[in-house]
Amino acid sequence: MSEPCTDLRNHMPVGADFAYFDHAAVSPLPALSAQAMADYAFTASTSGCAQWLQWSAAVAQLRQTAARLVVAKTEEVALVNNTTQGINLIAEGFPWKAGDNVVVPENEFPSNLLPWRNLARRGVELRTVKVPPSGEITPDAIRQVVDHRSRLIAISWVGFTSGFRIDVAKFVELAHDCGCLLMLDAIQGLGAFPLNVRDTNVDFFCADGHKWMLGPEGAGLMYIKQEHLNLLEPLGLGWGSLATGAFDPASVEIKQAADRYEGGSTNMSGMIGFGESLKILEDCGAGRADSPIAAAVLENVAELQALLTAADFEVHLPSDPSRRSGILGISWAGGQDLAQSARVYAEARKFLLERKIMLSVRGGRLRVSTHAYNNEQDRQRLVEALDNFRG
């Protein structure tokens, strides 16, 4: 078996000490990204804003890189602090009428539930879709909940506990057939898997950069299909929203681009580091339909499944291999109640962390989230340590 994405691993200092399997939580930074952020901090401390124009140009380049990654127009990409901010901008800016409803799977991460539930004050109903314990959701399950007052479907590309990866184009087609738009929470997929907004016809997506895109926390993306820009109410307006870019209090014309939502000062350091991370991923082929990043992620998952199964662990994955992501669950504490299992897995996580093996506990089991640069040594370390813990 070939080693997954050696080029990407060369950018990841974390691999020297850690077997890092927690990309669905917070990713480690590539060396170039960390250096870019450190350079920003040093320059800011020694010369203030003397290089602000260069920093601003780097942020503008980030939008262009992000647009290429998803085959969008640069004008359709806005930079946000996190997925939650982006979802709230869409939820609050959408032209709802009392009696409308929004459709959301019941197992969504809170950031893709609370903003929609909060619309009850405006007379908008939140309709949740039942999802089986496997996390596997179908367009038909969504269709059963949609009616003539449904205006938008909000759904995650990848389930944060199950790792189930939807076929985005099929869900968008369903939404449009039902007269709805679709908002994709892309945080658990973007960076690991290619997303072509032209081919999928997705209407909106939001994704923070600190997971599979290998960026820092507080730096993310929001995509608004160009034809929907003026559908949404412009919120969070400030000097950065102005078409002229001037500081004139009399200026009223706002940008005809998604970055109208970047009203004030940005997380300059974070965005600069995020830009470096996206350039690395782009250079490694992340945005291509035949992405070697995606192939390596799925290869890692398959190898982990084989090793863990051989060691008598229970592996939790979507039944359809084409719907898998970089996330898999591990359990072995059969027969224990939930509280006992939770304690066992929390202790296992601590045991692994002491040995510089990083993962999370989600959904009542261990959650492994592997990226393209994880290799055979990482996988062996994980399985052997789990076997030692279990005794």
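Lys and Arg count here as positive and Asp and Glu as negative, while His and the chain ends are not counted, and the place of a charge is taken as NZ of Lys, CZ of Arg, CG of Asp or CD of Glu. This is a predicted model, in which local features need pLDDT of at least 70 and side-chain atom pairs count only at pLDDT 80 or more, whereas totals for chains, interfaces and linings use all residues. Residues are numbered from 1 along each chain as its sequence is written, and side-chain values use heavy atoms, with hydrogens and water left out.

Begin by selecting the charged side chains: the chain carries 35 positive and 45 negative ones, and the centres of the two sets lie 4 Å apart.

Next, show the C-alpha trace, which spans about 70 × 60 × 35 Å along its principal axes. If you then colour by burial, 53% of the 391 residues count as buried, meaning under 20% relative accessible area with a 1.4 Å probe and protein chains only.

Now select R165, in the loop between strand 5 (150-156) and helix 7 (168-177); helices (H or I, at least four residues) and strands (E, at least two) are DSSP runs, numbered from the N terminus. R165 is buried yet has no salt bridge, and D167, the nearest side chain of opposite charge, is 8.3 Å away; a salt bridge would need a side-chain nitrogen of Lys or Arg within 4 Å of a carboxyl oxygen of Asp or Glu.

Finally, display what R165 is in contact with (heavy atoms within 4.5 Å): leaving aside neighbours within four places in sequence, these are W157, V158, F193, L298, S322, R323, R324 and S325.

Notes
Buried < 20%, exposed > 50% of the residue type's maximum accessible area, 1.4 Å probe, protein only.
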